[in-house]
Amino acid sequence: MAESRHPTSLLSLYYEGELPLADRQVVTEHLADCPLCRHELSLLRQTVEILDEAPLERAPHDFLDKFTRRLEQDERFRLLEAQRQQTAKEQARVSPDMQDVGVPAISRPTSPVFPRLTQGLYQFWQTLCFPLRLKLPLYTAVGVAVVAAFLFRSFPEGRSANRDKTLTKTQTSTESPRQDLASIDIPAPQPPQTPTSSAQHVSNVPPPPVPKPSPAQLPGKQEILLPSPPVAALEGAPPVAEPIVWRVEGEQPEVMQAQAKVLAQRISGVLIVQEEDGLLLLSLPTEQLPAFGQAVRELGQVQTMGAETDPAKPTTTIQIRFLFALDSASLSS
Amino acid sequence: MPPEYCHRDKNAPPIAESAQPDPDHALVVRCKAGNREVFGQLVLRHKDRLYTLALRFLGDHGEAEDVAQETFLRAYEKLEEFRGEAKFSTWLYQICRNLSLNRLEKKKEKLSEGFLPEIPAAAGTEPPVQLLQKERHKLVDWALAQLKHEFREVIILYHKEALSYEEIADILELPLGTIRSRLHRGRSELRDLLRPYLEKIP
């Protein structure tokens, strides 16, 4: 057979050097003796040379411009780009390590005027909100805490609002000093205590708010308006024992008050319930009341008002008001 | 036998190329992250090769440009489908080859006598050595157009695009042995087609 005598089908493989060694030796020996096959091999070499000769064609110079234009004009590709950016952001959130394996920096919102500010805001936003697996429970807890704090604050505010409302109502409804005095929160009669413990107790009692009198209300003498009790207390609650009121008038009310306080402190079992400028509220044993009254009368002119003394009670509450007397000359005379 | 007969001995085979890392990998990853500008770099890298491949298949510059443009648009659109198992260039060649073959089929349907270019006027009258280089290229294009497309595409990819067997096998999704066989058979047929001109060479 001619094919067996002329290995033309193997010449291409031989030319490429891809024949096994044994076949290669056979073809080499055949080529040495066969001018026809050498000619065929020569034609093959020329064919390959011509094939390889053709240079790489150059695409038109505006190839990239055309491509870019087609990308920009097609809405589909713009959406695709935005979608890829979004996906890349989500992947970066899930695995931030992606930055280390060649994933490019995600396109971030930039401002031509304040690029650093925008970058900073963007990083702050990311820090604030991501990753959600941490931030979501954290923010939920914060929200619950805020609501709880609001509710907790609303109760004291409500109570204080009620108290303010009562105070306003009392101020507008006070007509007589008797009603004012009835509002004073007088403690229940207590057994005699040592002065130290009494002072300690007094210091713990918060003073009730006492509005300052206006000059128009006090043309000649200082008046102290005390809040009246809540309406409910006046109407439904059992009546609170009214204190005995002593109006002590003199040239120097402050001095009189200080002296009266000293006199009171000498009496055993005295409790100073309240002490303000021009006002002294005492709780003292009833049997000591006449002696104390005599001592106070030596300080200035005393007028007794309010409830009568009840000898059955072990202690009596006395409210002493120290007022400045205008006609001191007539008083002294 | 002198060693000059061995083509591959003189020119290093690109067989090991596919084992090397894909130089386009980083750019592709950035494109997948939505960086459209980076894709322009990939276009610049591969536009000439794709254009040449389409031109060898289609024989028309305008159509070759269309196919090359379409190849890049398809690649940009389907970028997520590229998994990096083969080289990005191989994937581009695959798209370009498929688009070219599709267009070729349409052309064959339109033209009853075929679209193949006519034999160059110089063919058969003067030896190739005396032909101008441009005419020789036309002659090769004509001869390539006479081949069956399975031979033609392997020869184009191997000789015109200088791809390795492995890369061609990846593009055509065929075994290496089939690629080698088709290359040598196609080359032999090409030699027979060019024989009248080659034998004029003194």
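**Reading rings, cysteines and cores**

Q: Is A:Trp246 buried or exposed?

A: Buried means under 20% relative accessible area, exposed over 50%, and partly exposed in between (1.4 Å probe, protein chains only). A:Trp246 has a relative accessible area of 6%, so it is buried. This is a predicted model: local features need pLDDT of at least 70, side-chain atom pairs count only at pLDDT 80 or more, and totals for chains, interfaces and linings use all residues. Residues are numbered from 1 along each chain as its sequence is written, chains are lettered from A and ligands numbered from 1 in the order written, and side-chain values use heavy atoms, without hydrogens or water.

Q: How many aromatic pairs are there over all chains?

A: Two numbers describe such a pair: the distance of the centres and the angle of the planes. Rings of Phe, Tyr and Trp (its six-membered ring) pair if their centres lie within 6.5 Å; planes under 30 degrees apart are stacked, over 60 edge-to-face, the rest tilted. The count over all chains is 10. One of them joins A:Trp246 and A:Phe292. Their centres are 5.8 Å apart, with 25 degrees between the planes, and the pair is stacked.

Q: Why does the pair of A:Trp246 and A:Phe292 tie together separate parts of chain A?

A: Look at the elements: helices (H or I, at least four residues) and strands (E, at least two) are DSSP runs, numbered from the N terminus. A:Trp246 sits in strand S1 (residues 244-250) and A:Phe292 in helix H13 (residues 289-297), so the pair ties together parts 46 residues apart in sequence. A:Phe292 is buried too, at 2% relative accessibility.

Q: Which kind of aromatic pair do B:Phe39 and B:Tyr76 form?

A: Edge-to-face: 5.1 Å centre to centre, 75 degrees between the planes. B:Phe39 is in helix H3 (residues 36-58) of chain B and B:Tyr76 in helix H4 (residues 61-77), so this pair ties together parts 37 residues apart in sequence. Both B:Phe39 and B:Tyr76 are buried.

Q: Which residue lies over the face of B:Tyr76?

A: The test needs NZ of Lys or CZ of Arg within 6 Å of the ring centre and within 35 degrees of the ring normal. A:Arg84 lies over B:Tyr76, at 4.7 Å from the ring centre. A:Arg76 lies over the face of A:Phe77, at 4.7 Å from the ring centre.

Q: How many disulfides are there over all chains?

A: A disulfide is a pair of cysteine sulfur atoms within 2.5 Å. The count is zero. Take A:Cys37: the closest cysteine sulfur, in A:Cys34, is 3.6 Å away, too far for a bond. A:Cys37 is buried at 0% relative accessible area. B:Cys31 is buried at 1%.

Q: How many residues has the largest nonpolar core?

A: A core is a set of buried Ala, Val, Leu, Ile, Met, Phe, Trp, Tyr and Cys residues joined through side-chain atoms within 4.5 Å. The largest has 66 residues; those with the most contacts inside it include A:Phe67, B:Phe39, B:Phe72 and B:Phe88. H3(B) gives the most to this core, with 11 residues. Apart from it lies another core of 21 residues, among them A:Ala260 and A:Leu280.

Q: How many helices and strands are in chain B?

A: Nine helices and zero strands. Of its 202 residues, 52% count as buried. Contact means heavy atoms within 4.5 Å. Among contacts in chain B between residues at least 6 apart in sequence, 65% join residues at least 24 apart.
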